[in-house]
Amino acid sequence: HVDWKVWARQDRLYVKQFEEETNLRCTLVVDVSASMAYGNGVLNKYEYACTLASSLAYLVLQQHDAIGCVAFDERVRATIPPRSQQNHLQSVIDSLNVHQPREKTATYAVFREVAETFPRRGLMVLVSDLLTSPADTLRGLRLLRQRGHDVIVFHVLDDDELEFPFMGPTRFD
């Protein structure tokens, strides 16, 4: 970052120092599949993920940055393009309002669609229980990284999934 105009006038090298200000474009990618409906506490995994996503959206909007949202299971259920207006928070919350989570999770197909829908570089925040093929998930995350996006993953689990308190025969769908 040599200041060439100063060098041309004074025959001395000067280095410009600066801080670049950029506008963040953040997209929340929230899993609304049937596995997210599990939970025994005050909030199940789906409600916890929606609360987390809504809180992040609020924080991003308070910084006057753009926030968008994608709700998905086997396919994309809702897409909200990034905007930085304060009243955009309600659009993000409404996109997450699924009455009953359903279907399974298909991460690679969804991530490919997200990468095509949001071609400009930005921050992708995945909120999911990641109960799907690890190979597909990693392949999808790699695709987002190749397209220039920064990726943050929030892995949402219930206490039962960590401690596994089940005794005897138990059926998991």
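# Notebook: loops, sheet, cores and rings

I started with L130, which is found in the loop between β4 and α5 (134-146). The model is a predicted one, and I kept that in mind throughout. I looked up the backbone at L130. Its phi is positive, about 55°, although L130 is not a glycine. Is L130 buried, partly exposed or exposed? I noted a relative accessible area of 26% for L130, so it counts as partly exposed, between the cut-offs of 20% and 50%.

Next I went to D11. D11 also has a positive phi, of about 60°, and is not a glycine. I placed D11 in the loop between α1 (4-10) and β1. The relative accessible area of D11 is 61%, so D11 is exposed, the cut-off being over 50%.

**Sheet**

I then traced the strands. Which order do the five strands take? I read β3-β2-β1-β4-β5, in an open sheet with mixed pairing. At the edges I found β3 and β5 (150-155). Each has a single partner strand, so one side of each is left without a neighbour in the sheet. From one strand to the next, the twist averages 15°.

I looked at one pairing in detail. β1 and β4 run parallel, and five bridges join them. Opposite T27 I found M124, in β4.

**Helices on the sheet**

I checked two helices against the strands. α2 lies across β1, β2, β3, β4 and β5. Its direction makes an angle of about 175° with β1. α3 lies across β1, β2 and β3. Against β3, I noted about 170° for α3.

**Cores**

How many residues make up the largest nonpolar core? I noted 26. Those with the most contacts inside this core are C26, L28, V30, I67 and V127. I listed the elements that each supply at least two of its residues: strands β1 (25-31), β2 (66-72), β3 (76-83) and β4 (123-128), with helices α2 (45-62) and α3 (88-96). Which element gives the most to this core? I found that α2 does, with eight residues.

I found another core lying apart from the largest one. This other core has 14 residues, including F72, V114, M124 and L141.

I returned to C26 and looked up its contacts. What does C26 touch, leaving out residues up to four places away in sequence? I listed V60, A66, I67, G68, L123 and V125.

**Rings**

I turned to the aromatic residues. The count comes to two aromatic pairs. One of them is formed by W4 and W7. I read 5.7 Å centre to centre and 90° between the planes, an edge-to-face pair. Where do W4 and W7 lie? Both are in helix α1, three residues apart, about one turn of the helix.

I also checked how open these two are. W4 has a relative accessible area of 55%, so it is exposed by the cut-off of over 50%. W7 is at 38% and so counts as partly exposed.

My last entry concerns a charge and a ring. What sits over the ring of Y108? I found the charged end of R139 there, 3.7 Å from the centre of the ring.

Technical notes: Residues are numbered from 1 along each chain as its sequence is written. This is a predicted model: local features need pLDDT of at least 70, side-chain atom pairs count only at pLDDT 80 or more; totals for chains, interfaces and linings use all residues. Side-chain values use heavy atoms; hydrogens and water are left out. A nonpolar core is a set of buried Ala, Val, Leu, Ile, Met, Phe, Trp, Tyr and Cys residues joined through side-chain atoms within 4.5 Å. Buried means under 20% relative accessible area, exposed over 50%, partly exposed in between (1.4 Å probe, protein chains only). Helices (H or I, at least four residues) and strands (E, at least two) are DSSP runs, numbered from the N terminus. Contact means heavy atoms within 4.5 Å. Rings of Phe, Tyr and Trp (its six-membered ring) pair if their centres lie within 6.5 Å; planes under 30 degrees apart count as stacked, over 60 as edge-to-face and the rest as tilted. A charge sits over a ring if NZ of Lys or CZ of Arg is within 6 Å of the ring centre and within 35 degrees of the ring normal. Two strands pair if DSSP finds at least two bridges between them. Axes are lines fitted to C-alpha atoms, for helices over the stretch in contact, and angles run from 0 to 180 degrees between N-to-C directions.
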